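This report goes through one protein model, from its overall make-up to individual side chains. The sequence and the structure are shown first.

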Amino acid sequence: VGGVTFVEPVLEEVPGTQLLGGQVLQHFVMTLDQRNRRLQLQPIGPSEQPPEPHFELGMAYKPTDRGLAVTDVYTGTPAEAAGLEAGDLLFEIDGSRPDQRGCTSSTRDGQEVALSVERNGSILQKTMIMRPVIGVD
């Protein structure tokens, strides 16, 4: 991609999305040329990127005006281990509303993330422990 070689890449399809993951895009500066409808990717750093552990929450969701409506929870992920379920409304992450949190990521192995969840009218407090969903040996 853009002159950068990813060593031993792991690619997966997430149902219902056509997103190029942040793990790939973090290695580029993106310039959008709206007039000509083009996106330019300029590599940052070395042209060969070794594999890195990949962290994610492990759930699909839809933004709502009240928070993130969980639509699916994937097996073997931090979201499943925290006890999240499809139908939950995630309205607070580490004390902030999801829409006010910005793009902060949780990418340290063992990092705890506090979640406030509404389920069937009840408020639940959950703790998600971040673990790589794709490890590097």
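The sections below cover the fold, the strand pairing, selected residues and the salt bridges.

## Overall make-up

The model is predicted. The protein contains two helices and eleven strands, and their order along the sequence is β-α-β-β-β-β-β-β-α-β-β-β-β.

Of its 137 residues, 26% count as buried. Among contacts in the protein with a separation of 6 or more, 44% are between residues 24 or more positions apart.

## Strand pairing around S9

One of the residues involved is glutamate 112, whose bridge partner in S10 is isoleucine 129.

S9 and S10 form a hairpin with two residues between the strands. Asparagine 120, in the turn, has a positive phi of about 50°.

Strand S2 covers residues 28-33. Six bridges connect S2 to strand S3 (residues 38-43), and the two strands run antiparallel. Threonine 31 has glutamine 40 in S3 as its bridge partner. Four residues separate S2 and S3 in this hairpin, and arginine 37 in the turn has a positive phi of about 55°.

Methionine 30 is found in S2. Methionine 30 counts as partly exposed because its relative accessibility is 43%. Together with Leu32 and Leu39, Met30 forms a nonpolar patch on the surface, and the accessible area of these residues together is about 320 Å².

The side chain of serine 116 makes a polar contact of 3.0 Å with the side chain of glutamine 125. Leaving aside neighbours within four places in sequence, serine 116 is in contact with Leu89, Leu90, Phe91, Glu92, Leu124 and Gln125.

Methionine 128 lies in strand S10 (residues 122-129). With a relative accessible area of 1%, methionine 128 is buried. Not counting residues up to four places away in sequence, methionine 128 touches Leu57, Pro78, Ala79, Ala82, Leu84, Gln111, Glu112, Val113 and Leu115. Methionine 128 and glycine 83 are 45 residues apart in sequence, with a C-alpha to C-alpha distance of 8.6 Å.

## Salt bridges

Side chains of opposite charge can pair when their charged atoms come close. The count of salt bridges comes to four. One of them joins glutamate 118 to arginine 66, with the closest N and O atoms 2.5 Å apart. Glutamate 118 is in strand S9 and arginine 66 is in the loop between strand S6 (59-63) and strand S7 (68-73), so the pair ties together parts 52 residues apart in sequence. Glutamate 118 is partly exposed, with a relative accessible area of 23%.

Arginine 119 forms a salt bridge with glutamate 85, where the closest N and O atoms are 3.6 Å apart. This pair links distant parts of the chain, with arginine 119 in strand S9 and glutamate 85 in the loop between helix H2 (78-81) and S8, 34 residues apart. Arginine 119 is buried at a relative accessible area of 16%, whereas glutamate 85 counts as partly exposed at 40% relative accessibility.

A further salt bridge, at 3.0 Å from N to O, is formed by the side chains of arginine 131 and aspartate 109. Arginine 131 lies in the loop between S10 and strand S11 (132-134) and aspartate 109 in the loop between S8 and S9, so the pair ties together parts 22 residues apart in sequence. Arginine 131 is partly exposed at 43% relative accessible area, and aspartate 109 counts as exposed at 53% relative accessibility. Through salt bridges that share partners, Glu85, Asp88 and Arg119 are joined into one network.

How values were computed
Residues numbered from 1 in each chain as written. Predicted model: local features only at pLDDT ≥ 70, side-chain atom pairs only at ≥ 80, totals over all residues. Heavy atoms only, no water. Polar contact = N/O pair within 3.5 Å; in protein donor to acceptor, adjacent residues only side chain to side chain. Contact = heavy atoms within 4.5 Å. Patch = residues over 30% accessible without salt bridge, like charges linked within 9 Å, V, L, I, M, F, W, Y side chains within 5 Å. Areas by Shrake-Rupley, 256 points an atom, 1.4 Å probe, with all protein chains shown as cover. Buried < 20%, exposed > 50% of the residue type's maximum accessible area, 1.4 Å probe, protein only. Pairing = 2+ DSSP bridges.
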